[in-house]
Structure formats: C-alpha cells, structure tokens
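Here's a quick briefing on the fold you're about to see. Have a look at the model, then read on for the helix packing and the sheet.

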Amino acid sequence: MPLLEITDMTVAYGRIEALHGVTLHVDDGELVTLIGANGAGKTTTMRAVSGIRPLSSGSIVFDGQDITRMKAHVRVAEGIVQAPEGRGVFAGMTVMENLEMGCYARTFASRAEHDATVDRVFELFPRLAERRTQLGGTMSGGEQQMLAIGRALMARPRVLLLDEPSMGLAPMIIQQIFRIVSEINAQGTTVLLVEQNAQQALSRSDRAYVLETGSVVRTGPGKELLADPAIKDAYLGVA
C-alpha cells in the first residue's frame, strides 16, 4: 500500500477547474517529483494534499486513512508537512522562533525529542545554527529557503511537501539545497517535490509525474524521464 495515494483528484477555483482527475502515489521512503510548466497545476496539487485547497471530487489516502476532508492542521499532526512556494518565512521572528513555529501543530513528547530535532536541523543547515538569533526577514533568499525547510522538519514529517525550493536562488545554492533534500530523503523522510529545475529534480527522484494543464500526462523513473527527448525538449531546452 502506498504511503500517499491520490485518486481522480479534481480541484477548482470557482468555475475554473485547475486539476482534472489527477492520480498519483508516493511509496514510503520515496522521493517523487512533479514537473510541468507554469499553470500546470503543480502547486494546486500540493495545496490539495496539505489540505489548503478542498477537492471537488476524488480522494486522498494517507497511510491507509482517507484524509480527503481532514483539516490542514490535523494533516500536519498526522505527518504531512509542507515547505511552501515563496518560503513564507516570518520576517519579524528570529531563526529559532521560526523553527519553533514549525512544531506548533505537532508537539513533542519530551524536551529531549525537541532538542534532538533542533540538532538534526542544525546538522543539515549549519548556517541556521550560526544565525539562530537573526531575524528571518534579514536573511538571503538561500538562507530563507533553508529556514523554510528546517521549519517543516521541526514537525517531523512522514511526507515532506517541497514546493519550488530552488525558485529565485543562485546556481551554487540550488545545488546545495538539492543535496540536502537528497540527504533528508536518505535519512528516511518521504518527499514529494514540485520543481521547475527538471535536471536537478529528475536526476534525484525515484519516480516523477509530468503535469500538463491539470492532468498527469507522463510518469516513470526520474532518470528515465530525464533521458527522454520529449522531456529534454520541453523542460531542459535540449532538443
């Protein structure tokens, strides 16, 4: 049984249908990527999985439980945690305060568990440890992205939803972010990734789905799609 299973999902904004019967699954321990052009429905898919957008039809099952109508904050408590597009850092809060906000809906059983989670975040992102008292709004774009991912990790996700983590970042920082995403996955966290940097995303993915105008049009192993001439032409600018 997949850890996360989406079946015939339809999502609308008023009269405009953004997703048309999307079906996909993520197995426990996988890194799965959604790629597609702007407006393809990638972010809408993530918002539906996290509970921010309601479904018009279809279903979402997580670890055998139907969560289609489950509230967003309850999904966080169950282990579905999103680092949103645009980072969403609390600008007037320090790095440490931002991290603490990540576990607001998913509390710790003990102080030792809390401290171990903070230590894990700081091991993945040493820059955050160095700047724990700095205000989030004064950090660079790359540092804010690290903070957004670190904040999500504070909720100990079973499935980490990453929406465009490379957006607006310099190439060197992009490589660093993706190395850390791979490490998070290697440590046992299942990852569902939305990303326009197809080269980086597909090369690290177990599987991937291609979205076009709200529908899944292709799926397969990440490296297999990366080698496909049609994918290269559409998303890598290589004929």
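How are α6 and α7 oriented to each other, roughly parallel or roughly antiparallel? They come out roughly parallel to each other, with angles under 35 degrees counting as roughly parallel, over 145 as roughly antiparallel, 65 to 115 as roughly perpendicular and the rest as oblique. Keep in mind that this is a predicted model, where local features need pLDDT of at least 70, side-chain atom pairs count only at pLDDT 80 or more, and totals for chains, interfaces and linings use all residues. Residues are numbered from 1 along each chain as its sequence is written, and side-chain values use heavy atoms, with hydrogens and water left out.

**Overall**
- The protein has 10 helices and 10 strands (DSSP runs numbered from the N terminus: helices are H or I with at least four residues, strands are E with at least two).
- Its radius of gyration is 17 Å, close to the 18 Å from the globule rule for 239 residues, so the protein is as compact as a globular protein of that length (taken over C-alpha atoms; the rule is 2.2 Å times the number of residues to the power 0.38).
- The C-alpha trace spans about 45 × 40 × 35 Å along its principal axes.

**The α6/α7 pair**
- The axes of α6 (residues 141-153) and α7 (residues 171-186) come within 10 Å and cross at roughly 15° (axes are lines fitted to C-alpha atoms, for helices over the stretch in contact; angles run from 0 to 180 degrees between N-to-C directions).
- On the α6 side the contact uses Gly142, Gln145, Met146, Ile149 and Leu153, and on the α7 side Ile173, Gln176, Ile177 and Ile184 (contact means heavy atoms within 4.5 Å).

**The sheet**
- Six strands form an open sheet in the order β6-β7-β8-β3-β9-β10, with mixed pairing (two strands pair if DSSP finds at least two bridges between them).
- β6 (80-83) and β10 stand at the edges with a single partner strand each, so one side of each lacks a neighbour in the sheet.
- The twist averages 20° from one strand to the next.
- β6 pairs with β7 (residues 159-163) in the parallel sense over four bridges, and Ala83 stands opposite Leu162 in β7.
- α6 also packs on the sheet, touching β6 and β7, and its direction makes about 170° with that of β6.

**The β9/β10 hairpin**
- β9 (residues 207-212) and β10 (residues 215-221) run antiparallel and are joined by six bridges.
- Glu212 has Ser215 in β10 as its bridge partner.
- Two residues lie between the strands of this hairpin, and Thr213 takes a positive phi near 45°.
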